[in-house]
Amino acid sequence: MDPAREDGGACLVMVDSVAPYHAAFVRAMRRTYGKVLATGRPRVTRYRPGASRFSLVDPSGNSIVFVRRDEPMELDYGGSKQLEGLAKALDNARILREFKDDDRAAFRAVKSALRKFGEDAPAADRARALAVLISTSAALGEHGDDVPAWTAELAGIALTDAEREQVEAELHNTSDLNND
């Protein structure tokens with residue numbers, strides 16, 4: 001076993017509800033490390049409201065995946081052929097973040113797509129893209145100069161209540177990922 005490769009093993013833990021377990025691990029990490037660790041070892045993946053799973057990686061590189069017992073047999077992994085432009089990049093970023101645990105690739109994909117398609121994209125897609133950039137920056141521990149500009153731009157986008165709720169759900173975990 002090579003702990004640097006994180007090939008130590010894996011375990012699935014089936015539970016009735018994953019949210020309470022994620023919250024408990026987040027509290028324990030904050031208490032132990034002073035922040036929620038989203039990179040390195042140990043670490044915990046983000047949990048979005050309604051998600052049916054999350055993962056932990058322990059200090060030795062073992063993966064522990066908590067899965068809701070009633071998780072659908074067929075998960076929506078995205079990749080819709082009907083999507084294009086910024087909407088397609090957001091869908092790809094969701095796949096990269098939630099299923100491949102690759103925040104860096106998701107960040108790059110959304111940032112590039114926002115530059116390329118943002119001007120012509122619907123307001124809701126632009127807002128979601130900005131929220132993804134903000135939350136992914138936090139997950140990566142990068143609180144650069146762009147975050148205040150993205151936050152200001154996001155605040156200026158007119159959204160419906162339902163659209164605003166989606167954006168707020170994306171931003172929800174940003175405060176949990178305090179990697180300063």
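I started with the angle between helix 2 and helix 4 in this predicted model. Their axes cross at roughly 30°, and angles under 35 degrees count as roughly parallel, so I put helix 2 and helix 4 down as roughly parallel to each other. The axes come within 10 Å. I also noted the handedness: helix 2 passes helix 4 in a left-handed crossing.

Next I looked up who touches whom. From helix 2, the residues in contact are Leu 86, Ala 87, Leu 90 and Arg 97. On the helix 4 side I listed Asp 125, Arg 126, Arg 128, Ala 129, Val 132, Ser 135 and Thr 136. Sorted by class, this contact has 5 nonpolar, 4 charged and 2 polar residues.

Then I stayed on helix 2, which covers residues 85–98. I checked its length: 14 residues at 1.5 Å a residue should span 20 Å, and the end C-alpha atoms are 20 Å apart, so the two agree. For burial, I wrote down Leu 86, Ala 87, Ala 89, Leu 90, Asp 91, Ala 93, Ile 95, Leu 96 and Arg 97 as buried. Leu 86, Ala 87, Leu 90 and Arg 97 are buried and also meet helix 4.

Last, the whole chain. I get 6 helices and 4 strands, in the order β-α-β-β-β-α-α-α-α-α along the sequence. Of its 180 residues, 37% are buried. I also looked at contacts with a separation of 6 or more: residues 24 or more positions apart account for 58% of them.

Definitions and conventions:
Residues numbered from 1 in each chain as written. Predicted model: local features only at pLDDT ≥ 70, side-chain atom pairs only at ≥ 80, totals over all residues. Heavy atoms only, no water. Helix = DSSP H or I, 4+ residues; strand = E, 2+ residues; numbered from the N terminus. Expected span 1.5 Å × (residues − 1). Buried < 20%, exposed > 50% of the residue type's maximum accessible area, 1.4 Å probe, protein only. Axes fitted to C-alpha atoms, helices over the stretch in contact; angles between N-to-C directions. Parallel < 35°, antiparallel > 145°, perpendicular 65-115°, else oblique. Left-handed = near helix turned anticlockwise from the far one by under 90°. Contact = heavy atoms within 4.5 Å. Nonpolar A, V, L, I, M, F, W, Y, C, P; charged D, E, K, R; others polar.
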